[in-house]
Amino acid sequence: MADPADDRRFMAAAIALSERGRGLSTPNPNVGCLIVRDGAVVGRGWTQKGGRPHAEAQALDQALDQARGATAYVTLEPCFHLSPRGPRCADLMVRAGVKRVVIALRDPDPRTDGQGAAYLRAHDIDVEMGLMAREAAAAMSGFVLRQTLGRPAVTLKLGLSLDGCIALKDGASRWITGEAARAHAHLERARHDAILVGGGTLRADAPRLDVRLKGLEDRSPRRLLITRGPALKGWETVSQPDDIAALAQVDHLLIEGGSATAAAFLRADLVDRLLLYRAPILIGSGLPGIGDIGLSDLAQAHGGWRLTDERRLGEDRLEVYERRRTA
């Protein structure tokens, strides 16, 4: 009989693996997979750049004959739909002879949506689904929201003083936070498909919006500008927040500035995650981090966000919040 503690441990490891593909695997979900035999990991995989190979294919290729009779831990139901880009992962599991498949999240894509698990069961494979589904969905939030709401997952990043400012009154903002916080922000860039700023930020800072961490330079996201003006060379543009739904191959979107852009996405209720980097400084009459979000009653401000992480980054502090949604 399987040990529930072992199942959680291996699934947690598979979810951690899935994070490696975030910002790279679009249009496919960033899935993680472990093949475990007699308590030892014999294969591991995560969805590769551009979506292929899938995590299951990579893990099974690594396990080879040791996959027969083994348990597979996969963060998303193995795909069942036919594709010219590669085989169905449900087929691969059957051919490899795995004995048991533990799935975190049922695939919301209607092309699979329960069919992958049913196919495995029809071939005498034990299937369990739902273990750590919430954690797996959070790791694949862009794919899940694209399937359920038809848009990418949106993270809003703000570097703030203790009194909520993002710059001096004249717009000077380099640097509010320290080196460790800025490095973490670059890591977040590497985990997103695209990064968006407003026209004010572009004019004030001429931001590069690339990833400047050694070894991750090739993971710089696409650059987006929200503007009603003409397109600028080297920039993709959207005219309003709702336009992000039409962005091709963008499942994870990072917003970095400025206050009007932040307010526009918050007013539209399109922000799913907040990254607040707080520096231990006071600015006073500087520029606020967020503009008017249309709040008319203070009661409306409560209960909308859930703290999911907080940590020290050098002298600064990071707080991560997720939007509470009823559906």
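Predicted model: local features only at pLDDT ≥ 70, side-chain atom pairs only at ≥ 80, totals over all residues.
Let's start with a word we'll need: a residue is buried when its relative accessible area is under 20%, exposed when over 50%, and partly exposed in between (1.4 Å probe, protein chains only). Residues are numbered from 1 along each chain as its sequence is written, and side-chain values use heavy atoms, leaving out hydrogens and water.

Now for the overall build. The protein has nine helices and 15 strands; these are DSSP runs numbered from the N terminus, with helices being H or I of at least four residues and strands E of at least two. Its C-alpha atoms fill a box of roughly 65 × 45 × 40 Å along the principal axes. Contact here means heavy atoms within 4.5 Å. Among contacts between residues at least 6 apart in sequence, 73% join residues at least 24 apart.

What about the inside? A nonpolar core is a set of buried Ala, Val, Leu, Ile, Met, Phe, Trp, Tyr and Cys residues joined through side-chain atoms within 4.5 Å. The largest one here has 45 residues, and Met11, Ile35, Leu60, Met93, Val98 and Val101 have the most contacts inside it. Apart from that core lies another, of 21 residues, among them Ile226, Leu253, Ile255 and Leu266. In soluble globular proteins, nonpolar side chains tend to be buried together. Leaving aside residues up to four places away in sequence, Met11 touches several partners, including Tyr73, Val102, Ile103 and Leu131.

Next, take a look at helix α4, residues 115-122, whose buried residues are Gly116, Ala117, Tyr119 and Leu120. Seen down the axis of α4, they fall within an arc of 160° (judged by the directions from the helix axis to the C-beta atoms), so they line one face of the helix. These buried residues pack against α3 (89-96), β4 (100-105) and β5 (126-129). After α4 comes Asp124, with a positive phi near 65°.

Finally, which loop holds Ser25? Ser25 sits in the one between α1 (4-18) and β1 (32-37). With 2% relative accessibility, Ser25 counts as buried. Not counting residues up to four places away in sequence, Ser25 touches Asn30, Thr47, Gln48, Gly50 and Gly51.
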